[in-house]
Amino acid sequence: MSPSPAGAETLSLAENLGRGALAIAAYAVLGVILLVIGFYVIDLAIPGKLSHLIKDARNPNATLLTSSGLAAVGLIVAASIWSSGGALHEGLLATAVFGLLGIAMQTVGMIVFDKVAGISVRQLVSEPELQPGARLLAVTHLAIGLITAVAVV
């Protein structure tokens with residue numbers, strides 16, 4: 001084993017594993033919190049109660065829009081974790097900020113497409129069959145998430 005540089009802290013395997021496990025748990029909890037926040041923000045942006053539209057009405061448009069929005073948030077959270085460089089506190093803060101920004105961008109994207117492209121989310125979620133506009137908005141969610149994620153890295 002080579003000597004540590006002056007002033008460098010040498011950690012045992014157990015300490016390294018403990019710190020790693022703590023970091024994984026902290027990022028996982030934050031990621032779940034951001035996904036829950038994302039779900040509720042999407043719920044506010046989509047007319048009707050999402051849990052009812054997905055679970056009871058089995059609406060494919062609401063399900064696709066929600067799924068793509070949450071996948072995009074997941075991309076942003078993953079990129080934030082990737083770019084944190086091992087600094088746990090700073091990484092958690094960056095992940096929280098970028099995750100919330102990503103959620104906001106998803107919402108803005110949905111509103112913009114509603115206005116610019118004339119794709120009404122209200123009309124989409126009232127349709128019982130999967131609509132082309134829902135597919136377009138879903139891809140837009142993923143694109144916004146990917147763009148935000150790459151900007152983080």
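Terms and their grounds

Reader: Why is phenylalanine 39 called partly exposed?

Author: The relative accessible area of phenylalanine 39 is 22%. Buried means under 20% and exposed over 50%, with partly exposed in between (1.4 Å probe, protein chains only), so phenylalanine 39 is partly exposed. The model is predicted: local features need pLDDT of at least 70, side-chain atom pairs count only at pLDDT 80 or more, and totals for chains, interfaces and linings use all residues. Residues are numbered from 1 along each chain as its sequence is written, and side-chain values use heavy atoms, without hydrogens or water.

Reader: What makes phenylalanine 39 and tyrosine 40 an edge-to-face pair?

Author: The count of aromatic pairs is 1. In that pair, phenylalanine 39 and tyrosine 40 have ring centres 5.6 Å apart and planes at 85°. Rings of Phe, Tyr and Trp (its six-membered ring) pair when their centres lie within 6.5 Å; planes under 30 degrees apart are stacked, over 60 edge-to-face, and the rest tilted.

Reader: What makes the phi of arginine 58 worth noting?

Author: Phi of arginine 58 is near 55°, a positive value in a residue other than glycine. Most residues other than glycine have a negative phi. Arginine 58 lies in the loop between helix H2 (50–56) and H3; helices are DSSP runs (H or I) of at least four residues, numbered from the N terminus. A relative accessible area of 66% makes arginine 58 exposed.

Reader: Why is the space lined by residues including Gly38 and Thr107 called a cavity?

Author: On a 1 Å grid over the protein atoms alone, a cavity is a set of points where a 1.4 Å probe fits but cannot get out, and lining residues have an atom within 4 Å of a point. One such cavity of 30 Å³ or more is counted, and about 30 Å³ of space lies in the largest cavity. Its lining consists of Gly38, Val41, Ile42, Gly69, Val73, Ile103, Gln106 and Thr107. Helix H1 (13–45), helix H3 (60–83) and H4 each supply at least two of the lining residues.

Reader: What makes Leu101, Met105, Val108, Val112 and Val116 a nonpolar patch?

Author: Patch residues have over 30% relative accessible area and no salt bridge; nonpolar side chains are joined within 5 Å, like charges within 9 Å. Valine 108, in helix H4 (residues 88–116), has 41% and is partly exposed, so valine 108 passes the area cut-off. The patch covers about 410 Å², by the Shrake-Rupley method.

Reader: Why is glycine 85 called exposed?

Author: Its relative accessible area of 70% makes glycine 85 exposed. Glycine 85 lies in the loop between H3 and H4. From valine 41, glycine 85 is 44 residues away in sequence and 29 Å away in space, C-alpha to C-alpha.

Methods: Areas by Shrake-Rupley, 256 points an atom, 1.4 Å probe, with all protein chains shown as cover. Salt bridge = Lys/Arg side-chain N within 4 Å of Asp/Glu carboxyl O. 1 Å grid on protein atoms, 1.4 Å probe; cavity = no way out; pocket = protein on both sides within 12 Å on 5 of 7 lines; lining within 4 Å. Points joined across faces, edges and corners; volume = space filled by probe spheres on them.
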